[in-house]
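Take a look at the model below.

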Amino acid sequence: MPADQVAVVLLAAGKGTRMKSETPKVLHPLAGQPMINHALAAAADLGAARSVVVVGPDMEDVRRAVAPHPTAIQPRQEGTADAVRAARPALADFADGSEDATILVLYADTPLVRPQTLSRMIEARREGASVVVLGFRPPDPAEYGRLVLDESGSLEAIVEFRDADVAQRAITLCNSGVMAVSAAAIWNLVDRIGNNNAKGEYYLTDIVALARADGLSCSVVEGDATEVLGINSRSDLAAAEDVWQRARRAAAMTDGATLIDPGTVWFSHDTRIGRDVVIGPSVFFGPGVTVADGCEIRAFCHIEGAEIGPGAIIGPFARLRPGTRVEAESRVGNFVEVKNAVLGAGAKANHLSYIGDAEVGAGANIGAGTITCNYDGFLKHRTEIGTGAFIGSNTALVAPVRVGQGALVGAGSTITKSVPDDAVATARARQTVIDGAAKTYRARKAAEKATRKKES
Ligand code: UD1
Ligand code: MG
């Protein structure tokens, strides 16, 4: 089946009240991106031609987050079948309703479902099933819908927990909610779903019994309980994050990175790590980080929106903020913060510095305590430091300012004017030395103190 024969309906209209949040549930971040984007990414990996997101009427921010994917509005949350119906205008023409085409229903609050599992469902469709349901066996089946199989092992019906009898409740195979339905059959089937059940809702799960009654075949693909983990509360969110991080850490190690204490390293959805990278304990990668081969990220670093070149050494205790590029073999040491700045190849900022809105040339050395004063209270300005320049410790570089190639700035300087190539600049009070003055001072003060004691 060609990849363009799959369209996705992503259900996101639920309110998610158990998150107790002003933010819609599906926008809470998982691995550094909104939860809903995970399902969209899985759909894209699968090669889905279209994804339509079903939202509630007051979910403008969700619509913005998923753009350019189209959204369909479900006016009232009357159940999962009603939600799928809301996507019909956007998909009615999909693949001309071909039997070979699939409409895949995903939940925005079930973000860990893997594209490989979805592929297996498409495969099962190709083998002749009109409806394929992703089932799983959770440690505690709780209130999930149960999958009822017939003698031949085909799916006969899905029964919601509230509507299930004792025998049905004993079934351990549960409904994840993910479903792949023939584009030829889906609209006719969902149109006929009623709401005569315990909740008075239109259950998408009823599609199976209706399909069977029409003589269509239905089947189950089993997935892992962790990948269909649904997020309803903040503790579910933390549990999903844990599952995601464990898998990502394992993948980083498989791909050739050393994680000294894997459980304390946090990745984002788009973190890219090269080979022979050593990552120390307690390192956090926010979104947009690339680490090239052979780098060392020492303990306690916080890194986001940064590109780290081959062989660079970062940390311990470094913070790289968005717009940072650290080129080959350069060094960013302890208590150094870098933002929107380039550190050229082999450049070093080893201790206690802030480098913001700056360009540091290759091989330059930034002394301890150097600060780029990039903000004048209204606007940000740039600092340029030439190749091979040396900035003495505790220098304030008041931007906009340029220090030329090979120039040398004396320690403790406040540099407000540009320094030409190969020049030496100092900008600090001249030192005065008075011979013997300390001794005189001590004698005078000791005498003063003796007089005071006598008087009291
Ligand atoms: C659903 C399934 C159940 C399954 C469980 C897995 C039905 C009837 N039941 O139950 O068999 O075991 O998921 O987690 O499908 N949504 C809308 N509009 C609505 C209702 C829901 O968009 O009117 C969305 C929600 O945002 C959510 C998803 O559909 O993403 C599932 O809805 P939810 O209410 O959580 O269904 P469950 O009762 O958990
Ligand atoms: Mg649910």
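The questions below cover the domains and the ligand.

Q: How far apart do the C-alpha centres of domain 1 and domain 2 lie?
A: This is a predicted model. The chain is divided into domain 1, residues 3–228, and domain 2, residues 258–425. Their C-alpha centres lie apart by 47 Å.

Q: What area do domain 1 and domain 2 bury between them?
A: The contact takes four residues from domain 1 and four residues from domain 2. Of the buried area, 54% is on carbon and sulfur atoms. The total is about 260 Å².

Q: Which three residues supply 97% of the area that domain 1 buries against domain 2?
A: Look at the side of domain 1 that touches domain 2: by class it has one nonpolar, three polar and no charged residues. Three residues there supply more of the buried area than any other three. They are Ala31, Gly32 and Gln33.

Q: How many salt bridges are there between domain 1 and domain 2?
A: A salt bridge needs a side-chain nitrogen of Lys or Arg within 4 Å of a carboxyl oxygen of Asp or Glu. Polar contacts are a separate count, with two residue pairs between the domains. For salt bridges, the count is zero.

Q: Which residue has a side-chain N or O atom 2.6 Å from an oxygen atom of ligand 1?
A: Ligand 1 is surrounded by 20 residues, and the closest include Gly14 and Thr80. A polar backbone atom of Ala13 is 3.0 Å from a ligand oxygen. The side chain of Gln74 comes 2.7 Å from a ligand nitrogen. The 2.6 Å distance belongs to Glu160.

Q: What percentage of the accessible area of ligand 1 does the protein cover?
A: On its own, ligand 1 has 760 Å² of accessible area. The protein covers 82%.

Notes. Residues numbered from 1 in each chain as written. Chains lettered and ligands numbered in written order. Predicted model: local features only at pLDDT ≥ 70, side-chain atom pairs only at ≥ 80, totals over all residues. Heavy atoms only, no water. Domains from an automatic or database assignment. Contact = heavy atoms within 4.5 Å. Buried area = accessible area lost by both parts, 1.4 Å probe. Polar contact = N/O pair within 3.5 Å; in protein donor to acceptor, adjacent residues only side chain to side chain. Nonpolar A, V, L, I, M, F, W, Y, C, P; charged D, E, K, R; others polar. Near = heavy atom within 4 Å. Areas by Shrake-Rupley, 256 points an atom, 1.4 Å probe, with all protein chains shown as cover.
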